[in-house]
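Trainee: I would like to learn how to read a sheet and its surroundings from a model. Please take one case and go through it step by step.

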Amino acid sequence: MASQKEKNWLRWYELDNAAKIVPSTAHGSNTRVFRISCELKEKVDGQLLQQALDEVITEFPFFNCVLKKGLFWYYLEEINIKPIVYEDNKPACISIYFPGRKNLLYRVNYFGKRINLEMFHVLADGTGAFMFFKNLIAEYLVLAHDLERVEIKEDISSVEEKNDDAFKQFYERQKGLKQLKQMSSVKAYQLKGEKDENLLPHMVEGTVSSKKMVEIAHKYNTTVGILCVAIYIGACIDKMSVKEKTRPVVVSVPVNLRQFFPSDTARNFFGVINVKYYAKDYDGTLDSIINKVKASFEEQLRPENVANTMNSYGALEHNIAIKVMPLFLKDIGIHFFDSMAKSGVTTSISNLGQIKMPQELCQYIDKFSAFMTAPSQQICISSFGDKMVFGEVSPYKTHQIMLNFFRRLTSMDVEVEVSTNDYDEEEVTK
């Protein structure tokens, strides 16, 4: 009879709906790897971080998997490999998945006061990864300061609940792909610039006051998320030529589906809305952008529309013709349609919201930040206490739109602290 360890090693998982397209679209600078970081107020002890990881990963066995190719789909298989913490010495968000190689799809490293988790998007979305990461940070601080064990209040789910495929759980069959056929794609304004010769990710991190951003959002009678999308659209308009203004700025916004469906999964469970804005509608005021963005959010985030969109994603994988198509043909098709979809999007802005930690641990933490690779650009927003961080990653050597974004914030009396792997802070903030 096989031992329990051997049984666990043989356990496998289907990819969730959102993860199914990830391996086929991980090319060049778009490694489909994201990084979430926690900056402490003290230097990190690598040995204690390893102890913390060894303890916490037992609650997230789904993460200890390798990606394999099946006849019709990729799948994940648990493997008995111990994750090893190391001091950060590689470019951020470089590839984790290598076809045919048996390696874990996440890494934990540290440098100075920072602890980083990098993960291939097949395992989880930002919300799911933060479930794991917050437990890791909590365990590390408990060990580092000899504290009593603390509970992450938002994470009281069982191992089985964390492993759930929520897309499958809440999918309701629809007639064909009607909803997908109704989704139109336009040629959006595209970012331009000189790309890194090796397509390495270039990062910018801007830190502002959360309280100040909330204050400004209230002034415009809107939310911080809508405010940030509107300011970004304005930053694009500042850069666009007369010819480019004939195309809309389209911002793709991931939506955490756990807000609409009762799920504690640590796997992917998100949808996407696309916010479209034409420069001809801009009258020079931020209100003229906010009003359009707000209306787009309200329409697309109506519960019935969210459900319809999620079900239409599911309809793809439940379609018989697609099910029986060999994987190599799916790879070709997914890559083609992904390229078409990207031409209809300018950028993506992901708002991870306020990161909450047990009160007794907050005194040791300075801030959290997040970064996600993309073929062009993606911005991740995360907040902790009074620090809101904008993390931007792109293969471009310059960051003109983000500079415009920060300049717009500065013009609204928001102080911006900028760090980057490209420039001196003094040059960035000119």
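Mentor: Strand S9 (residues 249-256) and strand S11 (residues 347-354) run parallel and are joined by two bridges. Within this pair, Val 251 stands opposite Thr 347 in S11. Keep in mind that this is a predicted model.

Trainee: What packs on the sheet, touching S9 and S11?

Mentor: Helix H9 (residues 224-239) does, and S10, S13 and S14 are also touched by H9. The direction of H9 makes about 160 degrees with that of S9.

Trainee: In what order do the seven strands of the open sheet come?

Mentor: The general idea is that strands of a sheet pair through backbone hydrogen bonds, either parallel or antiparallel. Here the order is S10-S9-S11-S13-S14-S8-S15, with mixed pairing. Strand S10 (270-277) and strand S15 (417-420) are the edge strands, each pairing on one side only. From one strand to the next, the twist averages 20 degrees.

Trainee: Which strands pair with S14, and in which sense, parallel or antiparallel?

Mentor: Strand S8 (residues 202-209) pairs with S14 in the antiparallel sense over eight bridges. In S14, Phe 390 has Gly 206 opposite. Strand S13 (residues 378-384) also runs antiparallel to S14, and seven bridges join the two. Gln 378 has Val 393 in S14 as its bridge partner.

Trainee: How many residues lie between S13 and S14 in their hairpin?

Mentor: Two residues lie between them, and Gly 385 in the turn has a positive phi of about 60 degrees.

Trainee: Is strand S14 mostly covered or mostly open?

Mentor: Strand S14 (residues 387-394) is mostly covered, with seven of its eight residues buried.

Trainee: How do I read burial for a residue in a loop? Is Asn 30 buried or exposed?

Mentor: Compare the relative accessible area with the cut-off: buried means under 20%. Asn 30 has 6%, so Asn 30 counts as buried. Asn 30 sits in the loop between helix H2 (22-25) and strand S2 (33-40). Leaving aside neighbours within four places in sequence, the contacts of Asn 30 are Thr 25, Thr 373, Ala 374 and Pro 375.

Trainee: And Phe 328: is this residue buried or exposed?

Mentor: The cut-off for exposed is over 50%. Phe 328 has a relative accessible area of 55%, so Phe 328 is exposed. Phe 328 lies in helix H13 (residues 327-342). Together with Leu 329 and Ile 332, Phe 328 forms a nonpolar patch on the surface, and the three have about 320 Å² of accessible area together.

Key:
Residues numbered from 1 in each chain as written. Predicted model: local features only at pLDDT ≥ 70, side-chain atom pairs only at ≥ 80, totals over all residues. Heavy atoms only, no water. Patch = residues over 30% accessible without salt bridge, like charges linked within 9 Å, V, L, I, M, F, W, Y side chains within 5 Å. Areas by Shrake-Rupley, 256 points an atom, 1.4 Å probe, with all protein chains shown as cover. Salt bridge = Lys/Arg side-chain N within 4 Å of Asp/Glu carboxyl O. Helix = DSSP H or I, 4+ residues; strand = E, 2+ residues; numbered from the N terminus. Buried < 20%, exposed > 50% of the residue type's maximum accessible area, 1.4 Å probe, protein only. Contact = heavy atoms within 4.5 Å. Pairing = 2+ DSSP bridges. Axes fitted to C-alpha atoms, helices over the stretch in contact; angles between N-to-C directions.
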